[in-house]
Amino acid sequence: MTDGQEIGKKFAELRKLCQAPADEIRRQKNVLVVSHVDADGLTAAGIICTALDRLNAEYDSFFFRQLDEAALKQVADQGSDLVIFTDLGSGMIKEICELGILAVVADHHKPARSDARPMAHINPHLVGADGATQLSGSGVSFLLASALARGNEDQSALAIVGAVGDLQDMASGHLLGLNRQILEIGSKAGAISFFRDVKLFGKQTRPVFKMLEYSQDPYLPGLSGDEDACIAFLKETGIRLGGEKWRRWIDLCQEEKARVVTAILHKGLRSGISNIKLERLIGEVYILLREREGTELRDASEYSTLLNATARYGHADVGLQVCMGDRDKAFEEAQKLLGQHRQNLVNGLKLVSSKGITPLRSIQYFDAGDAILDTIVGIVAGMSFQMADRSRPILAFARTSQGELKVSARGTQDLVRLGLDLADAMSASARAVGGIGGGHNVAAGATIPPQAKQEFLELVDAAVSRQLTC
Ligand code: C5P
Ligand code: ZN
């Protein structure tokens, strides 16, 4: 079978899994949607809630950072006729079944081994596809929404935002596997377009010099973090910065864009940056055709950051409303939250650079204490690779408001290729010290008792050492 045929087959199998509960879902009038507080979780919930809206069903939504016993109790206490879990649930199938509720789980995290069966369990891993790169939680939700009714193809755009939010395009510079099938549906529906462009953040909303200044991946030596240098560089390259308004990347013509890219490549090569890093400068970008140009919502990457800025600060409701079409109050509120989020990330990075990162045998870590919110410490950890050793994964600790210890782990695609699986390392080590963890090979998290920090570090270090040597 060719790769294409194999993907087509898996896609069809997932669609079949979605068909199974469709009649029952359509019959229910009182549904609870339970999802994850990040961009993928919000878009996943947005897609399902829109589909339920279109079916005239009554629904409510809950968002959790992780689906633990306390969260499940809250879900059960709600007394809904049907619960749809999106972007979470696969790790808790047994516990969900024990609640004795009618449940559909639409997730892409690695499923826990269990013989228990909810009404439906839809997950790319169940058809042999990798949930870290091939399909996001919002992608699974999109397939479920498509099974519920015709006319939900427009929601494919949100599925792409969720996939980009979960960094599924990072390994290869573009979305692949099952995600490409969704891209095709979206482009046929006129909801999304995709093409090669610079992968820098802020093409829609930032002045070009700011886009360069804030570039972290790839880190541009001599430009990243230096506003004056970025302005001088653009002037030397013959790019007009602006008249009445600063010019953004989308305001440049093709010839100007090409000139900037060539100049970045020359500058990068002169300062010894590797070709591989420069390759990451260009990749596929995803445009939401029905959104206004020059807004965060037009670009999948900026959209997902906007959503993270709501969810990670306890305002998932605002993000959900944006996903469901609010371009008024909720959108304005989300933009305000985004401004604060940016500032918090800058402060977080400053803290890491002043505190330093401690290397162990196969991992490295920093402890942010109370100085970085546990909900964004993972994002800061990922961004810290600009100053950290890229040959070992990074762990970041932060204290939660409940006094527990949150750990976020981030790796690189190169490490994953060498055998790194942070989901395995984090969940097994957390379990061993009385905590709970999980996630994906390249990004995972856990919550552990504070006194177990040292033991946990040793366990993860040993687990990662084993992974990287076999
Ligand atoms: O919180 P953080 O951004 O570090 O999470 C990274 C990934 O790990 C996410 O996909 C999240 O769902 C997962 N995770 C998990 N269990 C936890 C914490 C995080 O599965 N206790
Ligand atoms: Zn996800």
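**Figure 1. Salt bridges in the predicted model, with the pair Arg26–Asp23 in close-up.** A search of the whole structure finds 21 salt bridges in this predicted model. One of the pairs that meet the criterion is formed by Arg26 and Asp23, whose closest N and O atoms are 2.6 Å apart. Both Arg26 and Asp23 belong to helix H2, which spans residues 22-27.

Figure 2. The domain assignment of the protein places residues 3-164 in domain 1 and residues 356-469 in domain 2. Eight residues from domain 1 and eleven residues from domain 2 take part in the contact. The centres of the two domains, taken over C-alpha atoms, are 27 Å apart. Between them, domain 1 and domain 2 bury about 750 Å², and carbon and sulfur atoms account for 47% of this area. On the side of domain 1, Arg65, Gln66 and Lys110 together supply 59% of the area buried against domain 2, more than any other three residues.

Figure 3. Three salt bridges cross the interface of domain 1 and domain 2. Lys110 and Asp421 are joined by a salt bridge between their side chains, with an N to O distance of 2.7 Å. Lys110 is also one of the three residues that supply 59% of the area domain 1 buries against domain 2. Four residue pairs are in polar contact across this interface, both residues of each pair being at pLDDT 80 or more. The side of domain 1 that touches domain 2 comprises one nonpolar, four polar and three charged residues.

**Figure 4. An aromatic pair between Phe209 and Trp246.** The model contains four aromatic pairs. Among them, Phe209 and Trp246 adopt an edge-to-face arrangement, with 4.9 Å from centre to centre and 75° between the planes. Phe209 is located in helix H9 (residues 208-213), whereas Trp246 is located in the loop between helix H10 (227-236) and helix H11 (254-270). The pair thus links distant parts of the chain, its members being 37 residues apart.

**Figure 5. The surroundings of Lys199.** Lys199 is found in the loop that runs between strand E6 (192-198) and H9. Leaving aside residues up to four places away in sequence, Lys199 touches Asp169, Gly173, Arg280, Leu281, Ile282, Gly283, Glu284 and Val285. Gly173 is 26 residues from Lys199 in sequence, and the C-alpha atoms of the two residues are 8.3 Å apart in space.

Note on methods: Residues numbered from 1 in each chain as written. Chains lettered and ligands numbered in written order. Predicted model: local features only at pLDDT ≥ 70, side-chain atom pairs only at ≥ 80, totals over all residues. Heavy atoms only, no water. Domains from an automatic or database assignment. Contact = heavy atoms within 4.5 Å. Buried area = accessible area lost by both parts, 1.4 Å probe. Salt bridge = Lys/Arg side-chain N within 4 Å of Asp/Glu carboxyl O. Polar contact = N/O pair within 3.5 Å; in protein donor to acceptor, adjacent residues only side chain to side chain. Nonpolar A, V, L, I, M, F, W, Y, C, P; charged D, E, K, R; others polar. Phe/Tyr/Trp six-rings, centres within 6.5 Å; stacked < 30°, edge-to-face > 60°. Helix = DSSP H or I, 4+ residues; strand = E, 2+ residues; numbered from the N terminus.
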